[in-house]
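Open the model in your viewer and keep the sequence panel at hand. This tour goes from one selection to the next and says what to look for at each stop.

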Amino acid sequence: MGEILNTPICLAGPTGCGKTAAALAIAEVLPVEIISVDSALVYRGMDIGTAKPTAAEQAAAPHHLIDILDPLESYSAAEFVRDARRLAADISARGKLPLLVGGTMLYFKALFDGLSTLPQADAELRAAIDAEAAQVGWPAMHVQLASLDPETGARLAPNDSQRIQRALEVIRLTGQPLSALHAASRDEGVDWPLFSLEPNDRAWLHERLAQRFDVMLAQGLVDEVKALRARGDLSLALPSMRCVGYRQTWEALDSNDFNDLRDRGIAATRQLAKRQITWLRSMPQRRVIACDGPQPIAELLAGLQRLLG
């Protein structure tokens, strides 16, 4: 495919669109190392519900940012950007091509747009906000946020506890709205080429997502979540356990009612895919490949060939 450029390549797309297969196809023809752009794959012991690449798939090319954290820990967009830029530089220095693959659009956006300079989390203040929310509910906290920062309030759902908490925390720490701080100062983002696998027909993706969740259930998703619960130190308050599939399975185990687990899991996965596609459409620089087209991988490889020369 000609000379390899040093510029990292990014491959995004909604869940279930075929990113892993596409990345492995690229690895067959280019000397790539894969950097995962996925907020769930960072966790150890969460293999089935995250559709984590198998040991054989990971052996086909070096993979990074997979299985780096215990589910008790959290991983921010800022940490991802730091790690991804460091890894990309290291991979390029080895004469390989960094290939960033995943569906966590917040990570891609932070990488491309740069990170605003925001204060570090304050555990004591977060605990106070959580205590207040326990009394009045997150929708009431959302109303409070909307009065202080209308722009951020309009962007967040009334029950998006994690982001409402962070927005209120920033306001109380700095006296300024999160939206203003985001706009004020940013580290410089990257200008790396972005290929995006997107469906022309949403029904095609919905069918794949249903099949995918059925496979997860057959592979033992419920037992995987049982094992995580048995540790005794995890809960739905953690980002890891709020991942799609895990949250629904945890709640089914709580109620000991699995009748609607499949439907709820598929619905949550579809909602995730819809949000991912919305994020992607806000990235005009992306090169779109129809993942439900006749030969998406061949089209992707041809696009890479043109790009790399």
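**Stop 1**

Begin with F108 and F112, which sit four residues apart in helix α4, so about one helical turn separates them. This is a predicted model, so what you see here is computed.

**Stop 2**

How many aromatic pairs does the structure hold? It holds three. Select Y75 and Y107 next. Their rings pair edge-to-face, 6.1 Å from centre to centre, with 80° between the planes. Y75 is in the loop between β3 (63-64) and α3 (77-93), while Y107 is in helix α4 (residues 105-113), so the pair ties together parts that are 32 residues apart in sequence. Y75 and Y107 are both buried. Ring pairs join Y75, F80 and Y107 into a cluster.

**Stop 2: the two domains**

Zoom out and colour by domain. Domain 1 takes in 7-113 + 186-306, and domain 2 takes in 121-182. How far apart are the C-alpha centres of domain 1 and domain 2? They lie 27 Å apart.

**Stop 3: helix α5**

Select residues 123-136, which make up helix α5. At 1.5 Å a residue, these 14 residues should span 20 Å; the end C-alpha atoms are 20 Å apart, so the two agree. Look for L125, I129 and A133, which are buried. Seen down the axis of α5, the buried residues fall within an arc of 75°, so they line one face of the helix. Which elements cover them? The cover includes α6 (138-148) and α8 (161-174).

The face of α5 away from its buried side carries A123, E124, A134 and Q135, which are exposed.

Then check both ends. At the start of α5, a side-chain oxygen of D122 comes to within 3.1 Å of the backbone nitrogen of E124. After α5 comes G137, with a positive phi near 95°.

**Stop 4: E198 in a strand**

Go to strand β5 (residues 194-198) and pick E198. Is E198 buried or exposed? Its relative accessible area is 7%, so E198 is buried. Show what surrounds it. Beyond its neighbours within four places in sequence, E198 is in contact with L280, R286, V288, I289, A290, C291 and D292.

**Stop 5: helix α14**

Finish with residues 296-308, helix α14. The helix has 13 residues and reaches 18 Å from its first C-alpha to its last, close to the 18 Å expected at 1.5 Å a residue. Which residues of α14 are buried? They are P296, L300, L301, G303, L304 and L308. Show what covers them: the list includes β1 (9-12), α1 (19-29), β4 (97-102), β5 and β6 (287-290).

Note on methods: Residues numbered from 1 in each chain as written. Predicted model: local features only at pLDDT ≥ 70, side-chain atom pairs only at ≥ 80, totals over all residues. Heavy atoms only, no water. Domains from an automatic or database assignment. Helix = DSSP H or I, 4+ residues; strand = E, 2+ residues; numbered from the N terminus. Expected span 1.5 Å × (residues − 1). Buried < 20%, exposed > 50% of the residue type's maximum accessible area, 1.4 Å probe, protein only. Arc of directions from axis to C-beta. Contact = heavy atoms within 4.5 Å. Polar contact = N/O pair within 3.5 Å; in protein donor to acceptor, adjacent residues only side chain to side chain. Phe/Tyr/Trp six-rings, centres within 6.5 Å; stacked < 30°, edge-to-face > 60°.
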